[in-house]
Each structure stands twice: as structure tokens, then as C-alpha cells.
Amino acid sequence: MAYAIVYNSKGGNTKMVAKVLQQALTGAGVEATLTEVTPDTVQAAAQAARDAEAVLAGFWCDKGSCTPEMADFLAGLAGTRVFLFGTAGFGGEPAYFARILESVRAKLPEAADYLGGAMCQGKMGPAVRQRYEAMLAEKPDDPRIQSMIANFDAASTHPNAVDLEAITTAAKQSLNLQ
Ligand SMILES: Cc1cc2nc3c(=O)[nH]c(=O)nc-3n(C[C@H](O)[C@H](O)[C@H](O)COP(=O)(O)O)c2cc1C
């Protein structure tokens, strides 16, 4: 039976992680399908999940959690083994990722079998930096805005090879593939 990698990605970061996971699982000798969740494909994604040995569900962090369409998909995973992976713009603090994972995990039904999760930082679009720059122009000495710009720049190289390796390792461990 195949594993289903089902992901939701607005800008491509989570899609990148999903593709690397697919390569890693294939490399470990197991078949893995790749399905994108959009508001129009929740049902198709649910079908892919029903046919799978386990589901690797990938989300991008939207206001501290996942998008409504991803929440809809996760809500249908009763009786399924689920590994969660995600990307978020703010990084550097494991507790932050843990909070987001808990919030997304809460979208799963009680009858889902949660195997674990992993996250990494993901780059944000240029409009975000422009917004921060406009804020900084108003308040040039504001340390909060300065740190938001520093975080934006730090995020611009993620997901990187270390992130991808860490998420792949976590997924394989959770799925008992190594
Ligand atoms: C509308 C919107 C809301 C976001 N909310 C958050 C957030 O609450 N926390 C965070 O760390 N990053 C947030 N981000 C940043 C994204 O989660 C991050 O860039 C992610 O890697 C995007 O993944 P994707 O390229 O797969 O869409 C937000 C981005 C957008 C566009």
C-alpha cells in the first residue's frame, strides 16, 4: 500500500518539502503519492488518504494554524495514521513550531492516529518586507519592526537542506521506515 503525501502550499515552500518527502520515501523503497489540497480538491485529497497506508499532511502556517481547506481535509482523517509537516514564516524557536503543530493537530478527529510532526521556516513574499519597511519608516527605532525585518531576511533561505533533512528524518522515524 502507498503512503499519501497531501499538502497545502500557497507560495511553494510546503510543496518543496512535500516533494522531498516523496523522493525520500521512494528512496526508502515505499510508494508515495503526492496530492495538493486546494479549496476545490479536498474531496480528491480525502480519497487519496482513504487508500493510503498512512498520510503525511503538509500545511503552511496561516495566522497561527492551517488554512480552512487544510482543516477540512484533516477533519476527514478518522482511522488514519497521520504525520504532520509544515512551514511558517517565523522561526528560531522550537516552542513556536510546537504551538502551531498543536493547533493544527487539533483539527484532526479524535479517531485519527497522530504519529508526530515537524516544521521548518519558509520564505515569505516581497510584499511582506515592503510592509515592514513602510512600518519602519514610520518608527525607525522600533525594535519589534527591526526584528520582523531580520526574521524576514533569515526566512528567505528556507526551507534549506538542513530543514529538509530534519523533516525527512522525523517523518521516517514516525513511520518506522528507519
Ligand atoms: C496570509 C498569510 C498568513 C501567514 N501567517 C503566518 C503566521 O501566523 N505565522 C507564521 O510564522 N507565518 C505566517 N505566514 C508565513 C507562511 O506561513 C510561510 O511563508 C510559509 O512557509 C508559506 O508556505 P507556502 O510557501 O507553502 O505557502 C503567513 C503567510 C501568509 C501569506
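Predicted model: local features only at pLDDT ≥ 70, side-chain atom pairs only at ≥ 80, totals over all residues.

Visitor: Okay, at what angle do helix α1 and helix α7 pack?

Guide: Helix α1, residues 13-27, packs against helix α7, residues 161-174, at an angle of about 55 degrees, and their axes are 10 Å apart. An angle like that makes α1 oblique to α7, and the crossing of the two is right-handed.

Visitor: And which residues make that contact?

Guide: From α1 the contact takes M16, V17, V20, L21 and A24, while α7 brings L164, I167, T168, A171 and K172. By class, the residues in this contact of α1 with α7 are 8 nonpolar, 1 polar and 1 charged.

Visitor: What about α5 and α6, how do their axes cross?

Guide: The axes of helix α5 (residues 126-138) and helix α6 (residues 143-155) cross at roughly 160 degrees and come within 9 Å. Angles over 145 degrees count as roughly antiparallel, and α5 and α6 are therefore described that way. Here the crossing is left-handed, with Y132 and L136 of α5 and I149 and F152 of α6 among the contact residues. That contact of α5 with α6 divides into 9 nonpolar, 1 polar and 4 charged residues.

Visitor: Switching to strands, how many bridges join β4 to β5?

Guide: There are 8 bridges between strand β4, residues 81-88, and strand β5, residues 113-121, and the two run parallel.

Visitor: Which residue of β5 stands opposite R81?

Guide: That is D113. Together with helix α4, residues 94-105, the strands β4 and β5 make a right-handed β-α-β unit.

Methods:
Residues numbered from 1 in each chain as written. Heavy atoms only, no water. Axes fitted to C-alpha atoms, helices over the stretch in contact; angles between N-to-C directions. Helix = DSSP H or I, 4+ residues; strand = E, 2+ residues; numbered from the N terminus. Parallel < 35°, antiparallel > 145°, perpendicular 65-115°, else oblique. Left-handed = near helix turned anticlockwise from the far one by under 90°. Contact = heavy atoms within 4.5 Å. Nonpolar A, V, L, I, M, F, W, Y, C, P; charged D, E, K, R; others polar. Pairing = 2+ DSSP bridges. Right-handed = clockwise from strand over helix to strand, strands pointing away.
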